[in-house]
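Please keep the sequence and the coordinates at hand while reading.

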Amino acid sequence: MKKLVCVLALAAMFSIVFATGVKAESVMGFIYKSAQEPGSGSGSVTPAKCGSATCTSYFGVVALGDCSVATAMKNGGVKSLSHYDTDTKNIVGFKKVTVKAYGQ
């Protein structure tokens with residue numbers, strides 16, 4: 001009986017993690033993911049500078065960091081945004097997202 005309860009609890013945890021990841025990602029990799037995805041931007045300025053910001057999620061239970069475009073721009077000294085990209089790495093629930101902002 002204990003084994004059944006443990007298996008059901010583990011399945012519920014992975015279901016929650018999977019459900020939260022599906023909402024925002026265009027490419028889903030529940031067990032493993034290493035993908036770069038395009039963001040948006042006007043493209044009106046030449047991308048001479050690049051800044052990045054990172055946040056990390058631990059199994060969908062705890063999330064730490066600031067991976068906003070504004071923080072990436074601040075970290076790279078970017079005043080005018082051309083575009084941004086998102087780099088996501090996920091290994092069985094340990095997820096790291098890095099946003100890279102390009103501009104001048």
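## Disulfide

A search of the whole structure, which is a predicted model, finds 1 disulfide. The disulfide joins Cys-55 to Cys-67, with an S to S distance of 2.2 Å. Cys-55 belongs to strand β2, while Cys-67 sits in the loop between β3 and α2; the pair, 12 residues apart, links distant parts of the chain. The link of Cys-55 and Cys-67 is right-handed, with 55° about the S-S bond.

The two ends fall into separate accessibility classes. Cys-55 counts as buried because its relative accessibility is 15%, under the 20% limit. Cys-67 has a relative accessible area of 24% and is partly exposed. Another cysteine, Cys-50, is partly exposed at 40% relative accessibility.

## Sheet and helix packing

From the N terminus on, the elements run α-β-β-β-α-β-β, giving 2 helices and 5 strands in the chain. The 5 strands form an open sheet with antiparallel pairing, in the order β1-β4-β5-β2-β3. Its edge strands are β1 (32-38) and β3 (62-65), each of which pairs on one side only. On average, neighbouring strands of this sheet are turned by 15° against each other, direction ignored.

Strand β2 (residues 49-58) and strand β5 (residues 94-103) run antiparallel and are joined by 10 bridges. In this pairing, Ser-52 stands opposite Lys-100 in β5. Helix α2 (residues 69-76) packs on the sheet and touches β2, β4 (81-91) and β5. The direction of α2 makes about 135° with that of β2.

Leaving aside neighbours within four places in sequence, the contacts of Thr-88 are Lys-33, Ser-34, Ala-35, Glu-37, Lys-95, Lys-96 and Val-97. Among them, Lys-33, Ser-34, Ala-35 and Glu-37 have numbers inside the range of β1 (32-38). Lys-95, Lys-96 and Val-97 have numbers inside the range of β5 (residues 94-103).

## Whole-chain totals

Of the 104 residues in the chain, 26% are buried. The accessible surface comes to about 6700 Å², and carbon and sulfur atoms hold 65% of this area.

Among contacts with a separation of 6 or more, 62% are between residues 24 or more positions apart.

Note on methods
Residues numbered from 1 in each chain as written. Predicted model: local features only at pLDDT ≥ 70, side-chain atom pairs only at ≥ 80, totals over all residues. Heavy atoms only, no water. Pairing = 2+ DSSP bridges. Helix = DSSP H or I, 4+ residues; strand = E, 2+ residues; numbered from the N terminus. Axes fitted to C-alpha atoms, helices over the stretch in contact; angles between N-to-C directions. Contact = heavy atoms within 4.5 Å. Buried < 20%, exposed > 50% of the residue type's maximum accessible area, 1.4 Å probe, protein only. Areas by Shrake-Rupley, 256 points an atom, 1.4 Å probe, with all protein chains shown as cover. Disulfide = S-S within 2.5 Å.
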